[in-house]
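Here are my notes on the model you sent over. Have it open while you read, and go through the points in order.

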Amino acid sequence: METLPISAESFKVRFIGAGKMAESIARGVVASGMLPPNRNSTAVHSNLNRRQVFEFFGVNVFSSSEEISGSSSLYLSLELLKKAML
């Protein structure tokens, strides 16, 4: 299988979940200038406070994980990563 680079102009980071770790990574990505806020997305199911945190620094917030799908994206499920490391 051939590996192709992802264009920097279309690359997006999409967080599956909107916890503290996702917030920290998203804030770092935005603050470093690596990606503008609008190229980061997360899904917040019910916690209004988490939605407001991400919206405050410009991250796109959706109501379900299905809504954040797309190509040229890195998907991060930090909860699954944490379980895999234990």
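Where is the place of N40? N40 sits in strand 2, residues 40–43; strands here are DSSP runs of E with at least two residues, helices are runs of H or I with at least four, and both are numbered from the N terminus.

1. Ground rules. This is a predicted model, in which local features need pLDDT of at least 70 and side-chain atom pairs count only at pLDDT 80 or more, while totals for chains, interfaces and linings use all residues. Residues are numbered from 1 along each chain as its sequence is written, and side-chain values use heavy atoms, with hydrogens and water left out.

2. N40 and its surroundings. N40 counts as buried because its relative accessibility is 0% (buried is under 20% relative accessible area, exposed over 50%, partly exposed in between, with a 1.4 Å probe and protein chains only). Leaving aside residues up to four places away in sequence, N40 touches V13, F15, V29, V30, L35, V59 and N60 (a contact means heavy atoms within 4.5 Å).

3. What the N40 side chain reaches. Look for the backbone oxygen of P36: the side chain of N40 gets to it at 3.1 Å. A polar contact is a pair of N or O atoms within 3.5 Å; within protein, one must be able to donate a hydrogen and the other to accept it, and residues adjacent in sequence count only if both atoms are side-chain atoms.

4. Salt bridges. How many salt bridges does the structure hold? There are 3, each being a side-chain nitrogen of Lys or Arg within 4 Å of a carboxyl oxygen of Asp or Glu.

5. The network. E23, R27 and R50 are linked in a network of salt bridges. E23 pairs with R27 at 3.0 Å, N to O, and these two are about one helical turn apart because 4 residues separate them in helix 1, residues 20–31. R50 meets E23 at 2.8 Å, N to O.

6. Buried or partly exposed? E23 is buried at 12% relative accessible area, and R50 is buried too, at 11%. R27 is partly exposed, at 36%.

7. The remaining pair. E55 and R51 form a salt bridge at 3.5 Å, N to O. Both lie in helix 2, 4 residues or about one turn apart. R51 is buried at 19%, whereas E55 is partly exposed at 42%.
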